[in-house]
Amino acid sequence: MIRDSKVRIKSKNNKRESDTLGITMELEKSFSIGDQLEKERKNLKSKKRRQVRDLIIRLTFIVLILVLAMFFFHINKTYEPKTYTQDLIKSDSEINIIYDKDNNLVLSPYNKANKEAIIIYPSSGIEPNGYIGIGRKLASMGYKVVIAKIPMNYPFFSFNKADKIISANPKELSWYLVAHNTSGEVAAKAATGNKKIMGVVFMGTYPISEDLRVINEPVLTIWGTNDGVLDFSKFNTYKANLPTGAKYQEIVGGNNTNFADVEIISKDHKARISTASQQDKAVKAIDRFILGISR
C-alpha cells in the first residue's frame, strides 16, 4: 500500500510537473507569437513611414522640377525688338555705337561731352538693342549711355552690373540709373551701394525697399496712363518708400512697353500715343531731372 501510494504520489507529481511545463511552454509560445506580431506591426509601420517619406520626396522633386521649368521658361522669354532697331544701331556723325567686351551697348556722343552718364537697366526678356530708341535720344543730348547686358536677360542676376560699368569708365563721370519694369528694385539696390550714382529714374516700375528714402537719393518716376503691367495700387503704396523730394511724370496715353522698342510686353495695354512720342516725353523728363541735380 505504501509503495502504491508512493507511486501514485510520484505519478501525480509527474503529471503536475508535466502540466506546469505544458502551460509554461504554451505561455512561452503565446509570448513568442505576440512578440512576432508586434514585430510585424512595427515592420509594417516602418514600411508605411518609408513609403510616405519616399512619396513626399518624389512629390517634392516633381514640384521642384516644375518650378524650375517655369522659372527658366519665364526668364528665357524674350521680346523681339522692332525691325527699325537694326537701322538705329549704327554709328553716325553724332553718336558712336559699339558693343563692349561685356556685350553692353554703348552710345557715346562725339560733339557733346556731358559729365553725366546714364546706365539703362533692361526689363526681363529685353536685350540691350530693345532700348536703342531712347538710348539714342539721350545720347543726342550729350549723355554717354550704356545699355546693360544682363545675364539671361533677368535683372536679379545683375545686382553688381552698374559697379562694373562705372569702374570701366572714366572716373570723372557721374552716373544716373534708368530702370524699366522688372529692373526697378535692382537699380535701387545698385544706387544705394555706389556713391558715383547720383540719381535713379524708374520707368513703369518702383522700388519695394526704402533704401533710396533712407539715403535721400534723388528719384524720378515716369509712367503711362495706359500701363497694364504696373500695379497702381501697390505703386501708390510704395511711393512712401521714395524720398520726400521725389519727382513724378505721368505720360498720358503711354503704356509700359513703349519705353522700349519691342513687341508688346505681356499683360500690357495698347498705348494711345506712338513709341516715339512716349520716348520723347520720357527723355525730356529725364534730362530735366538730371539738370536739376547736377547744374
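This report walks through a predicted protein model, from the whole chain down to a few single residues.

The model is predicted, so local features are described where pLDDT is at least 70 and side-chain atom pairs where pLDDT is 80 or more, while totals for chains, interfaces and linings use all residues. Residues are numbered from 1 along each chain as its sequence is written, and side-chain values use heavy atoms, with hydrogens and water left out.

**The whole chain**

Let's start with the overall picture. The chain has eight helices and eight strands; here helices (H or I, at least four residues) and strands (E, at least two) are DSSP runs, numbered from the N terminus. Of its 295 residues, 41% count as buried. Buried means under 20% relative accessible area, exposed means over 50%, and partly exposed is in between (1.4 Å probe, protein chains only). The accessible surface of the chain is about 17000 Å², and 57% of that belongs to carbon and sulfur atoms; such areas come from the Shrake-Rupley method with a 1.4 Å probe, and for residues only the protein chains shown count as cover. Contact means heavy atoms within 4.5 Å. Among contacts between residues at least 6 apart in sequence, 67% join residues at least 24 apart.

**Two buried asparagines**

Now look at the loop between helix 5 (184–192) and strand 6 (197–203), where you will find Asn194. Asn194 is buried, with a relative accessible area of 14%. Apart from neighbours within four places in sequence, Asn194 is in contact with Asp163 and Ile166.

Asn255 sits in the loop between strand 8 and helix 8. Asn255 is buried too, at a relative accessible area of 3%. Leaving aside neighbours within four places in sequence, its contacts include Gly224, Asp227 and Gln278.

| Side chain | Partner | Distance |
|---|---|---|
| Asn194 | Asp163 side chain | 2.8 Å |
| Asn255 | Asp268 side chain | 3.3 Å |

**Two residues with positive phi**

Asn103 has a phi near 65 degrees, a positive value in a residue other than glycine. Asn103 lies in the loop between strand 1 (95–99) and strand 2 (105–109), and at 44% relative accessibility it is partly exposed.

Lys267 is not a glycine, yet its phi is positive, at about 75 degrees. Lys267 belongs to the loop between strand 8 (247–251) and helix 8 (275–294). With a relative accessible area of 70%, Lys267 is exposed.

**The largest pocket**

The largest pocket has a volume of about 690 Å³. Of the 23 residues lining this pocket, the closest to its centre are Ser123, Ser124, Asn181, Thr182 and Val229. A pocket is found on a 1 Å grid over the protein atoms alone, as an open set of points where a 1.4 Å probe fits, with protein on both sides within 12 Å along at least five of seven lines; lining residues have an atom within 4 Å of a point. Grid points are joined across faces, edges and corners, and the volume is the space filled by probe spheres set on the points. Helix 5 and helix 7 (232–238) each supply at least two residues of the lining.

Methods. Polar contact = N/O pair within 3.5 Å; in protein donor to acceptor, adjacent residues only side chain to side chain.
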